[in-house]
Amino acid sequence: MKNFSVIILAAGLGTRMKSSLPKAMHTLSGKPLVKWVIDSVSSLRPDNIVVVVGYRHEIVEEYLSKSNVNVKFVCQEKQFGTAHAVMQAKEILKNYNGNIVVISGDVPLIKTTTISNLIKNNQKSASAVTVLSAGVKDPYGYGRIVRKDGFLEKIVEEKDANLNEKQIKEINSGIYCFDKNLWKALLKVEPNNSKKEYYITDTIAILKKLNHKISVLLTKDGVEIKGINSKLELSQTETLLKNQKIENLLNSGVSIIDVNNVYISYDATIKSDTVIYPGVFIDVGVTIGRNCVLKGSSYIVNSKIDDESIVSYSYVDGATIGKKVKIGPFVHLRPGSVLKENVKIGNFSETKKSFIGKNSKVNHLSYIGDAQIGANVNIGAGTITCNYDGRHKHQTIIEQDVFVGSNANIVAPVKIGKGALIAAGSTITHDVPKGKLAIARARQELKRRIKK
Ligand code: UD1
Ligand code: MG
């Protein structure tokens, strides 16, 4: 889409959130509200995205600077209202000739196609502004679209609306597409309302008075324009998003035993015939293959799980899991864990930054950190890779077909050659050549028992 820029309003404290965090930074499915809006407009490749920040602006700026988006910031030191907020972007956009989309940072579900339709509508109808509206069952709290003879007349806020206006079910989405007359109209906005604020919504009637064409685009989907002002609305939107996701997954062949007792992030990819039992929490960045089974209070984030794998009662963070892998019960996979086909990690074991080759097993009470483990390796119960000397982390290399007996300490850096055997209870501090048996423990002595 060509010839438009975007101003995102995100300076507000969000009084109704009753929080010290700026409203824009409250998260929906793990992603801050303002980032949802940025993602939605970014795919249309606007000429500029200007984010108006204010209350605790450093938090918003720091987050967005780190998240690889191309935005400019302007600061609204004091929050005198939505028109005043837009005014802050004038310095950057005053000589810009394209259309300007103004959008609140609290409408996370807005679709890219709707914004694109809004811009097209404004450009085709040669209007000074097109307001995006929606018909809703419960308009409480929103600005109302007041029409005369069917044509847009003005927008009136809940607090300033008379009884008749309060009955209107067509609401202002807080999303507008202006042409460059925006700046002229803003100069005429006055704080003549119950909150004594400068309202962007007043520019509509102002532009009409100045004999400019004003339009309204009515969306059918009242859900996508949902503005979030309170924790209740945030939670309701979270449920809405989750239910949409669950419905899509069920329609694509994923089995979910109890839809009211799972959490699945909007961005999860899950293939058909995978079964999700109650108590599973799938957070952001998760891809799951076919025929997997996920059960019992498992938490999975930023991970990839290939076909036919099982995860039960486990915490999986930043792991890459191959086919037919069994995780759990009670396993902690930490970032950088790469498990190849048919690996088993069980009962109270933990892995971190480790590669574990095909068919290898870490079945009981072990810690595997900074390790490279080959195929067909058996790690006995209670094995610990001692990877940290108090200052630095060191690597353990265990080649294929090694058998590590129970309760071994493997002090890194160290390498255990192919097919070697580590005797139970050993503390290995030196490399073990391939095929050797290493015993590194005190010999058992037998002494006479002294009876009292
Ligand atoms: C606003 C609209 C209302 C619309 C609703 C849609 C106005 C006056 N009202 O109401 O007609 O139906 O959105 O969701 O615009 N902000 C600033 N600086 C300020 C004030 C607000 O940046 O000085 C930002 C907020 O952070 C927020 C956005 O502007 O992202 C909208 O403000 P908010 O207080 O949520 O307005 P609503 O009451 O929802
Ligand atoms: Mg709002």
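**Exercise 1.** Is glutamate 91 buried or exposed?

*Solution.* This is a predicted model, in which local features need pLDDT of at least 70, side-chain atom pairs count only at pLDDT 80 or more, and totals for chains, interfaces and linings use all residues. Residues are numbered from 1 along each chain as its sequence is written, chains are lettered from A and ligands numbered from 1 in the order in which they are written, and side-chain values use heavy atoms, with hydrogens and water left out.

Step 1: take the cut-offs. Buried means under 20% relative accessible area, exposed over 50%, and partly exposed in between (1.4 Å probe, protein chains only).
Step 2: apply them. Glutamate 91 has a relative accessible area of 59%, so this residue is exposed.

**Exercise 2.** Describe the salt bridge of glutamate 91 and its partner.

*Solution.* Step 1: define the contact. A salt bridge is a side-chain nitrogen of Lys or Arg within 4 Å of a carboxyl oxygen of Asp or Glu.
Step 1: find the partner. Glutamate 91 meets lysine 94, with 3.0 Å from N to O.
Step 2: classify the partner. Lysine 94 has 39% relative accessibility and therefore counts as partly exposed.
Step 3: look at shared partners. Elsewhere, Lys31, Lys35 and Asp39 are joined into one network by salt bridges that share partners. The structure holds 15 salt bridges.

**Exercise 3.** Locate phenylalanine 330 and name the patch it belongs to.

*Solution.* Step 1: phenylalanine 330 sits in the loop between β24 (326-327) and β25 (332-333).
Step 1: with 41% relative accessibility, phenylalanine 330 is partly exposed.
Step 2: together with Tyr313, Phe348 and Leu365, Phe330 makes a nonpolar surface patch of about 430 Å². Patches are made of residues with over 30% relative accessible area and no salt bridge; like charges are joined within 9 Å, nonpolar side chains (Val, Leu, Ile, Met, Phe, Trp, Tyr) within 5 Å. Accessible areas come from the Shrake-Rupley method with a 1.4 Å probe, and for residues only the protein chains shown count as cover.

Definitions and conventions
Helix = DSSP H or I, 4+ residues; strand = E, 2+ residues; numbered from the N terminus.
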